[in-house]
Amino acid sequence: MLKVAVIGSGPAGVYAAAALTQHGDVLVDVFDRLPCPFGLVRYGVAPDHPRIKSISTALQKVLEDPAVRFLGNVEVGTQITLEELHRLYDAVILTCGAMVARRLGVPGEDLAGSFSATDLVAWYCGHPDAPIDRFSLQARSVAVVGSGNVALDVTRMLAKSVDELRHTDMPDHVLKVLERSRVEDIHLIGRRGPLQAKFTTKELREIGELSNADVFLDPKELALDETSRERLATADPVVRRNFEVLQAWAERPPSGRPRRVHMRFMLRPVEVLGDVEVSGLRLERTRLDRAGLATGTGETCTVDASMILCAVGHRGVSIPGVPVDEQTGVIPSVAGRVLRAGSAAPGEYVAGWIKRGATGVIGTNKSDAKETVTSLLEDAPSLPPAPVRDPDAALHLLAERGVNVVTWQGWTAIELAEADLGRAQGRERAKIADREALLRAAAGGAAG
Ligand SMILES: Cc1cc2nc3c(=O)[nH]c(=O)nc-3n(C[C@H](O)[C@H](O)[C@H](O)COP(=O)(O)OP(=O)(O)OC[C@H]3O[C@@H](n4cnc5c(N)ncnc54)[C@H](O)[C@@H]3O)c2cc1C
């Protein structure tokens, strides 16, 4: 039997487990540092996107396979080391994601009121590591820096009324804060132009369909330089559709909705203003160089904002003993084989965001994981077998260390507890955010 440890139960980890089970005689243990599986499908995808969230139903089926075990609440690197996993498993697949937010790197970034968009996402998705009182949403004006779907997600969540979000699985404490939100203006700021934005059209359109917010877009924001004008003619259809959506908004009169989304382009933050707390954001107008990168023009302006959300990408989460490229934030690999000092490390593989960076949609991780598992299965006949053959050895080791492992039964109990909590509040499900409460629920106790 081939024993494989998968580190991370996000889409990449689960798709890797699925590909392995098709191989036949395998045992796959999927570890996660969190008590709940599915990574960013549970803790990233916006709560008002239930169709995307329902991907977890397909992921769930994989973890129900008898050849796969979910071992939640186990942090690899601290509670069990990578070296130990190599002794217990024939191969290890790293699928630990890339959830460290990239920073703006400008003065004032650490002032109170300046956050990464990831902080807000983790909070509204009920991530156990997100302090429940992290956000009060008392800022009237918020600046969101970034031009990808995460920037759109946080903008939409701040722009919607609480009544539009009550039916979601958001934790109760989040709904209470949203109820008292004073947010009125959201400035969505892109460092490059509308053609360089990474929005997908469906998510972009949603901003224009908000019933609680008007979109303000000065036609000047859509002015294209000569290179961009030429590029538009041959651009990707998504880019052209996005541009059409933006052009339509620039011509649309506002209709007096309570909140306003201001779309801005070609502006890069140069300083977060304020003494102790954020009071604004100083921006510098940019131009695109030949490579399409934004460079400053020296012309500056200021946006009043008492909350800043930085959504400029993510980099890899490092696990002790694993090489992460400083520049790219990924584990160097070839076809999913981890490279150490330039050579493939025997029995060590990587998939998902930590392999290719924070790009692509959930489905992209499926083909990515398949490539990795294909390499693993090609190598399998020549891999030295793990010295320890007992399939339960990891469980024994973790029990000796007093680690409270959340197994599949534990996760099922959490699901029931969240459904009960939701029912009591008139919705399908309400997330439990607190780690201790999750562990109590996993043990079949009260959610608390
Ligand atoms: C805010 C946000 C919203 C998104 N929305 C969408 C969307 O609507 N549609 C879409 O298609 N894509 C969306 N994505 C992208 C999608 O979530 C990713 O493509 C996908 O989650 C990447 O999968 P992954 O398995 O590589 O990483 P992740 O999903 O991050 O999973 C990594 C897992 O590893 C675990 N882990 C980390 N370190 C350790 C450790 N030391 N020990 C044990 N476990 C560990 C983590 O707890 C986590 O569960 C979104 C991304 C973000 C950030």
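Mentor: Start at one pair of residues. Gly 280 stands opposite Asp 304 in β13. Keep in mind that this is a predicted model.

Gly 280 opens strand β12, which covers residues 280-288.

Strand β11 takes residues 267-273. Six bridges join β11 to β12, and these strands also run antiparallel. Leu 267 has Arg 285 of β12 as its bridge partner. Here too the strands make a hairpin, this time with six residues between them. The turn holds Gly 274, with a positive phi of about 135 degrees.

Next, move to the open sheet. It has six strands, in the order β6-β14-β7-β8-β10-β9, and the pairing is parallel. The edges are β6 (114-116) and β9 (213-216), each pairing on one side only. From one strand to the next, the twist averages 20 degrees. Follow β9 to its partner. That is β10, residues 259-264, and the two are held in the parallel sense over four bridges. Asp 214 faces Arg 260 of β10 there.

α7 lies across β7 (141-145), β8 (185-189), β9, β10 and β14 (307-310). Against β8, α7 runs at about 175 degrees.

Stay with the helices and find Tyr 124. Tyr 124 belongs to α6, residues 117-124. Is Tyr 124 buried or exposed? Tyr 124 counts as buried, because 28 C-beta neighbours lie inside 10 Å. Leaving aside residues up to four places away in sequence, Tyr 124 touches Pro 47, Met 157, Met 170 and Val 174. Take Met 170 from that list. Tyr 124 and Met 170 are 46 residues apart in sequence, yet their C-alpha atoms are 6.3 Å apart in space.

Step back to the whole chain. It is divided into domain 1 (2-99 + 315-406) and domain 2 (103-307). Eight residues of domain 1 and 15 residues of domain 2 make the contact between them. On the domain 1 side, five of these residues are nonpolar, one is polar and two are charged. The C-alpha centres of the two domains lie 33 Å apart.

Where does the ligand lie? It lies between the domains, because domain 1 and domain 2 both give residues to the shell around it. That shell has 35 residues, and those that come nearest are Gly 8, Gly 10, Gly 39, Gly 97 and Gly 352. By class, 18 residues of the shell are nonpolar, 13 are polar and four are charged.

Three helices each supply at least two residues of the shell: α1 (11-21), α2 (39-43) and α7 (149-159). The largest share, three residues, comes from α1. Look at α1 itself. It is mostly covered, with ten of its eleven residues buried. Among the buried ones are Pro 11, Gly 13, Tyr 15 and Leu 20.

Finish with two loops. Phe 38 sits in the loop between β2 (26-31) and α2. Its phi is near 90 degrees, a positive value in a residue other than glycine. Phe 38 counts as buried, because it has 24 C-beta neighbours inside 10 Å. Ala 335 sits in the loop between β16 (333-334) and β17 (337-340). Ala 335 also has a positive phi without being glycine, near 50 degrees. It is partly exposed, with 13 other C-beta atoms within 10 Å.

Methods. Residues numbered from 1 in each chain as written. Predicted model: local features only at pLDDT ≥ 70, side-chain atom pairs only at ≥ 80, totals over all residues. Domains from an automatic or database assignment. Contact = placed C-beta atoms within 7 Å. Nonpolar A, V, L, I, M, F, W, Y, C, P; charged D, E, K, R; others polar. Near = placed C-beta within 6 Å. Buried ≥ 20, exposed ≤ 12 C-beta atoms within 10 Å, placed from the backbone. Pairing = 2+ DSSP bridges. Axes fitted to C-alpha atoms, helices over the stretch in contact; angles between N-to-C directions.
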